[in-house]
Amino acid sequence: ESIPGIIIQLSAIVSTINSGNNVTMMAYLSLLVSLLTTGFISATISYDYDTHPLKRAFNPEFYGYVPDDGRKRAFLFVTMILLSATQVLFKATLIIILAFIGSRFPLYYIL
């Protein structure tokens, strides 16, 4: 739900800017919350998968990038949230740019 919401919010922000109107701080805040929510979900899935004892025992070469130190774990988790949120922002921005160029281009990108 968050990713389509991000695309809609970003499209509304870009349309508002293109029409010469001011974008409210709440629009930016809403976009930020959606991005961080998506980043948090993505980071949680990766974190839980990596720290699962059976996964680590089954394939220790692949799993185990989450360190045992608490501070390092927290830093890694925050970094994963920000990385995921930034990646979603870039992909959503690309979809919006493609939509402004031509209505079929986002579909070509997604497929």
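1. Phe62 is exposed, because its relative accessible area is 58% and the cut-off for that class is over 50%. The model is a predicted one, and the points below should be read with that in mind.

2. Four aromatic pairs are present in the structure. One of them joins Tyr49 and Tyr63: the ring centres are 5.9 Å apart and the planes stand at 50°, so this pair is tilted. Tyr49 belongs to helix H2 (residues 25-51), whereas Tyr63 sits in the loop between helix H3 (53-58) and helix H4 (70-101), so the pair ties together parts that are 14 residues apart in sequence.

3. Tyr63 also pairs with Phe62: here the ring centres are 4.9 Å apart and the planes stand at 90°, which means the pair is edge-to-face. The residues involved differ in accessibility class. Tyr63 is buried, at 15% relative accessibility. Tyr49 is partly exposed, at 43%, and Phe62 is exposed, at 58%.

4. Which residues do ring pairs link into a cluster? They are Phe40, Tyr47 and Phe77. Phe40 and Tyr47 are also listed among the H2 residues that meet H4, and Phe77 is among the H4 residues that meet H2.

5. How are H2 and H4 placed relative to each other? Their axes are 7 Å apart, and the helices pack at an angle of about 130°. The two helices are therefore oblique to each other. Their crossing is right-handed.

6. The contact between H2 and H4 involves a list of residues on either side. From H2 come Leu35, Leu36, Thr38, Gly39, Phe40, Ser42, Ala43, Thr44, Ser46, Tyr47 and Thr51. From H4 come Arg73, Phe77, Met80, Ile81, Leu82, Ser84, Ala85, Val88 and Leu89. By type, the residues of this contact are 12 nonpolar, seven polar and one charged.

7. Helix H1 (residues 2-18) also packs on H2, with axes that come within 9 Å and cross at roughly 155°. That angle makes H1 roughly antiparallel to H2, because angles over 145 degrees are counted that way. H1 passes H2 in a left-handed crossing, whereas the crossing of H2 and H4 is right-handed.

8. On the H1 side, the contact with H2 is made by Ser2, Ile3, Ile6, Gln9, Leu10, Ile13 and Ile17. On the H2 side, the residues are Ala27, Tyr28, Ser30, Leu31, Ser34, Leu35, Thr37 and Thr38. This contact divides into nine nonpolar and six polar residues, with no charged ones. The contact of H2 with H4, by comparison, includes one charged residue.

9. Is Thr38 buried or exposed? This residue of helix H2 is buried, with a relative accessible area of 12%. Leaving aside residues up to four places away in sequence, Thr38 touches Ser2, Ile3, Ile6 and Val88. Ser2, Ile3 and Ile6 are among the H1 residues in the contact with H2, and Val88 is among the H4 residues that meet H2. Thr38 itself is listed in the contact of H2 with H4 and in the contact of H1 with H2.

10. A last point concerns Ser15, which is placed in helix H1. Ser15 is partly exposed, with a relative accessible area of 33%. Its C-alpha atom is separated by 9.9 Å from that of Ile96, although Ser15 and Ile96 are 81 residues apart along the chain.

Key:
Residues numbered from 1 in each chain as written. Predicted model: local features only at pLDDT ≥ 70, side-chain atom pairs only at ≥ 80, totals over all residues. Heavy atoms only, no water. Phe/Tyr/Trp six-rings, centres within 6.5 Å; stacked < 30°, edge-to-face > 60°. Helix = DSSP H or I, 4+ residues; strand = E, 2+ residues; numbered from the N terminus. Buried < 20%, exposed > 50% of the residue type's maximum accessible area, 1.4 Å probe, protein only. Axes fitted to C-alpha atoms, helices over the stretch in contact; angles between N-to-C directions. Parallel < 35°, antiparallel > 145°, perpendicular 65-115°, else oblique. Left-handed = near helix turned anticlockwise from the far one by under 90°. Contact = heavy atoms within 4.5 Å. Nonpolar A, V, L, I, M, F, W, Y, C, P; charged D, E, K, R; others polar.
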